[in-house]
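Colleague: I would like to go through this model with you. I will ask how each label was reached.

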Amino acid sequence: MSQRISLDKLEFYITNVCNMSCDGCNRYNNYHFKGWQSWEDYEPILAQWAEKIDIKHIIILGGEPLLN
């Protein structure tokens with residue numbers, strides 16, 4: 001790939017830790033997913049992508065904020 005890809009935004013879903021199970025949850029926590037991924041798990045993969053894409057806005061999503 002000779003040219004970098006430009007993205008307006010990229011969303012990272014970092015946790016499924018949530019004590020709710022709301023009907024219609026748009027993050028699927030109502031399916032009782034549990035757990036999270038550490039940065040170290042994905043750092044090598046993200047470093048490779050960082051060489052290929054330019055991101056204007058990074059959005060971090062996931063879980064119930066009061067539990068983090």
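Colleague: What makes the pair of Lys56 and Asp8 a salt bridge?

Modeller: This is a predicted model, so every value here is computed from predicted coordinates. The N to O distance between the side chains of Lys56 and Asp8 is 3.5 Å. The cut-off is within 4 Å, for a Lys or Arg nitrogen and an Asp or Glu carboxyl oxygen. The pair therefore counts as a salt bridge.

Colleague: Why is Lys56 called exposed?

Modeller: Its relative accessible area is 56%. Exposed means over 50%, so Lys56 qualifies. Asp8 has 53% and is therefore exposed too.

Colleague: How many salt bridges does the structure hold?

Modeller: Three. One of them joins Asp54 and Arg4, with the closest N and O atoms 2.9 Å apart.

Colleague: Why does the pair of Asp54 and Arg4 tie together parts that are apart in sequence?

Modeller: Asp54 lies in strand E2, while Arg4 is in the segment before E1, so the pair ties together parts 50 residues apart.

Colleague: What makes Glu11 and Lys9 a salt bridge?

Modeller: Their closest N and O atoms are 3.8 Å apart. That is within 4 Å, so the pair counts. Glu11 is partly exposed, at 39% relative accessible area.

Colleague: How do you know that the charged end of Lys52 sits over the ring of Trp49?

Modeller: The charged end is 5.7 Å from the ring centre. The distance cut-off is within 6 Å, and there is also an angle test of within 35 degrees of the ring normal. Lys52 is listed as sitting over the ring of Trp49. As for aromatic pairs, the structure holds zero.

Colleague: Which residues make the nonpolar surface patch?

Modeller: Ile14, Ile55, Ile58 and Ile60 make a patch of about 380 Å². Strand E2, residues 53-62, gives the most to it, with three residues. Ile14 is in strand E1, residues 5-15.

Colleague: What is the order of the elements?

Modeller: From the N terminus, the order is β-α-β.

Colleague: How far apart are Gly62 and Thr15?

Modeller: In sequence, 47 residues; in space, 4.8 Å from C-alpha to C-alpha. Gly62 lies in strand E2. At 26% relative accessibility, Gly62 falls between 20% and 50%, so it is partly exposed.

Colleague: What share of the contacts with a separation of 6 or more joins residues 24 or more positions apart?

Modeller: The share is 68%.

Colleague: How much of the protein counts as buried?

Modeller: Of its 68 residues, 7% do. The accessible surface of the protein comes to about 5900 Å², and 56% of that belongs to carbon and sulfur atoms.

Technical notes
Residues numbered from 1 in each chain as written. Predicted model: local features only at pLDDT ≥ 70, side-chain atom pairs only at ≥ 80, totals over all residues. Heavy atoms only, no water. Patch = residues over 30% accessible without salt bridge, like charges linked within 9 Å, V, L, I, M, F, W, Y side chains within 5 Å. Areas by Shrake-Rupley, 256 points an atom, 1.4 Å probe, with all protein chains shown as cover. Helix = DSSP H or I, 4+ residues; strand = E, 2+ residues; numbered from the N terminus. Buried < 20%, exposed > 50% of the residue type's maximum accessible area, 1.4 Å probe, protein only. Contact = heavy atoms within 4.5 Å. Phe/Tyr/Trp six-rings, centres within 6.5 Å; stacked < 30°, edge-to-face > 60°.
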